[in-house]
Amino acid sequence: MTHFGGTTSWVESVKSPEDVPGDNLLTRFLFARMPVNCSSCETRRAALRRPKTGHSVCKECFFHAFEEEVHHTIVSAKLFQPGEKVGIGASGGKDSTVLAHVLKVLNGRYNYGLELILISVDEGISGYRDDSLETVKRNQLQYELPLKIVSYRELYGWSMDQIVQQVGLKNNCTFCGVFRRQALDRGAIMLGVNKICTGHNADDIAETVLMNFLRGDIARLRRCTAITTRAAKAPSRAASP
Ligand SMILES: [Zn+2]
């Protein structure tokens, strides 16, 4: 304990960024480089500061808080019914990997009684999906979940490589985006899945909101932040918060 003229140094009394006196950028900068204790367990070192709450938390407490928040959303929004078959849209990216992990963990911990299955779409773009499909196959083994890969070739009779040969590179993203969403729905119907979950992060949602705002698309603006959507023939989708 360091004392200056009988009083404890404020540095030692600081437990969180909010305790830094004043709004001095230099002190905040220095604080950002100081090891901080987790505001939740108060024993381990904080590993990150959550933008959502402003709390500095350790890895373990962050995982716990994140899982409990997802569980709370699932329960309060009544996203699932016991016995349902739930497809997880698995791209091999970070968002869908987190989604697969958290649903597997919560389904076991809280006995949702769900039958989970990973669904991946293979667009048939040489060199593009190969790595991410390998990641999905690793997820399948790690989380012990069944995996179904639905390919454009299987669903539509052609691959994106063949589309590009016809329409050129210019408009192929439009084709691909529409077909990809539909492929997930068709795959789900083939598998008799009740609901599909897709993982999204806050940046994705912010981008969608901004895009619909700039377009002046009020209907989409209202829909795009809803956590579930329902298509006429397709199974309803549940998005992870
Ligand atoms: Zn902690």
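**Reading the labels**

Modeller: Start with the fold. Strand 5, helix 4 (residues 94–109) and strand 6 form a right-handed β-α-β unit. Remember that this is a predicted model.

Biologist: What makes the unit right-handed?

Modeller: Point the strands away from you. The path from the first strand over the helix to the second then runs clockwise, so the crossover is called right-handed.

Biologist: How do you know that strand 5 pairs with strand 6?

Modeller: Pairing takes at least two bridges. Strand 5 and strand 6 (residues 115–122) share five, and they run parallel.

Biologist: What makes strand 5 and strand 8 a pair?

Modeller: The cut-off is again at least two bridges. Strand 5 and strand 8 (residues 195–199) have three, in the parallel sense. Here Ile88 stands opposite Cys197.

Biologist: Why is strand 5 called mostly covered?

Modeller: A residue is buried if 20 or more other C-beta atoms lie within 10 Å of its own. In strand 5 (residues 85–89), four of the five residues are buried.

Biologist: How do you know that the length of helix 5 agrees with what it should span?

Modeller: Helix 5 (residues 130–143) has 14 residues; at 1.5 Å a residue, they should span 20 Å. The end C-alpha atoms are 20 Å apart, so the two agree. Just after helix 5, Glu144 has a positive phi of about 50 degrees.

Biologist: What is the average pLDDT of the chain?

Modeller: The average is 79, and 76% of the residues score at least 70. Over residues 1–6, pLDDT is below 50. Where pLDDT is low, predicted coordinates should not be read in detail.

How values were computed. Residues are numbered from 1 along each chain as its sequence is written. This is a predicted model: local features need pLDDT of at least 70, side-chain atom pairs count only at pLDDT 80 or more; totals for chains, interfaces and linings use all residues. pLDDT is the predictor's confidence in each residue, from 0 to 100. Two residues are in contact if their C-beta atoms, placed from the backbone, lie within 7 Å. A residue is buried if 20 or more other C-beta atoms lie within 10 Å of its own, exposed if 12 or fewer, and partly exposed in between; C-beta atoms are placed from the backbone. Helices (H or I, at least four residues) and strands (E, at least two) are DSSP runs, numbered from the N terminus. The expected span of a helix is 1.5 Å times one less than its number of residues.
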